[in-house]
Amino acid sequence: MNSLKNIAHSLRSSIAGLIILASSGVAFADSVEPLVDDFNDAQNNSLGLPRQFMNDTMAGGQTSTEQTVKDGVFTAKGEIVPPRGQPGWASSILLLDPAGAPVDASAYEGIRLRLRINKGMISVSANSTEITNFDYHAAIVTRKPGDDFQEVKIPFDSMKRAWSEQTPLNAATLNSISIVAVAMQKDTFEFELDEVSFY
């Protein structure tokens, strides 16, 4: 459990300056559509917003990543080479608003993924503008045996913060969803996404 906390802490600290957060004075947007990305566009998610990618090279790591979209499937793969004394990571970020403003997903129960994890450990986070220390609510996705895509539903109320006081996730304040490959030591990862949505 401590290693997962360390991964989450290092990941969120490393990308802290790169995720655009809306100020508290911004009014909430209307409810977001349930479909976030079906990967039918090579560059943009289903909300018309470009996908973003980051890895630990910005924190001194040497992780290499490759992302492709083909036939409605997003594939991310690479080798995680962590920075000294820190976990390594590679993040795929799906924005919900072009300016990073909060959108209201409170009409939904959680996040739904259709994915296939071929190698590595994958975490999903719901990124809220109320969280100021980047310890977002997240959950590890467990790889199921077999070659087929699996449907995973992650209830908002099951997502936890790693090192901060446990607070309920306010789903009315989300500005992005992150799918992150993480590892404590040198390792390879590969996963495929067919769909990301709210349910």
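**View 1. The largest nonpolar core of the predicted model.** The largest nonpolar core has 37 residues. Ile111, Phe156, Val196 and Phe198 have the most contacts inside this core. Eight strands are named as giving two or more residues to this core: S4, S5 (88-95), S6 (110-119), S7 (121-128), S8 (137-141), S9 (150-155), S10 (174-183) and S11 (187-198). In soluble globular proteins, nonpolar side chains tend to be buried together. The model shown here is predicted.

**View 2. A second core.** A separate core has 7 residues. Among them are Trp89, Leu95, Val180 and Val182.

**View 3. The surroundings of Val196.** Val196 is one of the residues with the most contacts inside the largest core. Which residues does Val196 touch, leaving aside those up to four places away in sequence? They are Leu35, Val36, Asp37, Phe39, Leu94, Ile111, Arg112, Leu113, Ile177 and Ile179. Ile111 also belongs to the group with the most contacts inside the core.

**View 4. The two faces of strand S9.** In a regular strand the side chains alternate between the two faces of the sheet. The side chains of S9 alternate too. Gln150, Val152 and Ile154 point to one face, and these residues are buried.

**View 5. Strand S9 beside strand S6.** In which sense do S6 and S9 pair, and over how many bridges? The pairing is antiparallel, over 6 bridges. Within it, Leu113 stands opposite Val152 in S9.

**View 6. Gln150, a buried side chain in S9.** Gln150 is found in strand S9. Is Gln150 buried or exposed? Its relative accessible area is 9%, so Gln150 counts as buried. A polar atom of the Gln150 side chain lies 3.2 Å from the backbone nitrogen of Lys144. Leaving aside residues up to four places away in sequence, Gln150 touches Leu113, Arg114, Leu115, Thr142, Arg143 and Lys144.

**View 7. The salt bridge between Glu151 and Arg112.** Glu151 forms a salt bridge with Arg112. The closest N and O atoms are 2.8 Å apart. Glu151 lies in strand S9 and Arg112 in strand S6, so the pair ties together parts that are 39 residues apart in sequence. Glu151 is partly exposed, at 39% relative accessibility. Arg112 is buried, with a relative accessible area of 16%.

**View 8. The salt bridge between Asp194 and Arg114.** Asp194 forms a salt bridge with Arg114, with the closest N and O atoms 3.0 Å apart. Asp194 counts as partly exposed at 23% relative accessibility. Arg114 is partly exposed, with a relative accessible area of 25%. Arg114 is also among the residues that Gln150 touches.

View 9. The side chains of Arg116 and Glu192 meet in a salt bridge, 2.8 Å from N to O. Arg116 is in strand S6 and Glu192 in strand S11, and the pair links distant parts of the chain, 76 residues apart. Glu192 is buried, at a relative accessible area of 13%. Elsewhere, salt bridges that share partners join Arg112, Glu151 and Glu195 into one network. The salt bridge count comes to 6.

View 10. Strand S3 (residues 64-70) and strand S4 (residues 73-80) pair in the antiparallel sense. The pairing runs over 7 bridges. The bridge partner of Val69 is Phe74 in S4. The hairpin has 2 residues between the strands. Asp71 takes a positive phi near 55° there.

**View 11. The whole protein, for orientation.** The secondary structure comes to 1 helix and 11 strands. Along the sequence the pattern is α-β-β-β-β-β-β-β-β-β-β-β. Buried residues make up 51% of the 199 residues. Of the contacts with a separation of 6 or more, 77% are between residues 24 or more positions apart. The accessible surface comes to about 9,400 Å², and 47% of it belongs to carbon and sulfur atoms.

Terms used
Residues numbered from 1 in each chain as written. Predicted model: local features only at pLDDT ≥ 70, side-chain atom pairs only at ≥ 80, totals over all residues. Heavy atoms only, no water. Pairing = 2+ DSSP bridges. Helix = DSSP H or I, 4+ residues; strand = E, 2+ residues; numbered from the N terminus. Core = buried A, V, L, I, M, F, W, Y, C linked by side-chain atoms within 4.5 Å. Buried < 20%, exposed > 50% of the residue type's maximum accessible area, 1.4 Å probe, protein only. Contact = heavy atoms within 4.5 Å. Polar contact = N/O pair within 3.5 Å; in protein donor to acceptor, adjacent residues only side chain to side chain. Areas by Shrake-Rupley, 256 points an atom, 1.4 Å probe, with all protein chains shown as cover. Salt bridge = Lys/Arg side-chain N within 4 Å of Asp/Glu carboxyl O.
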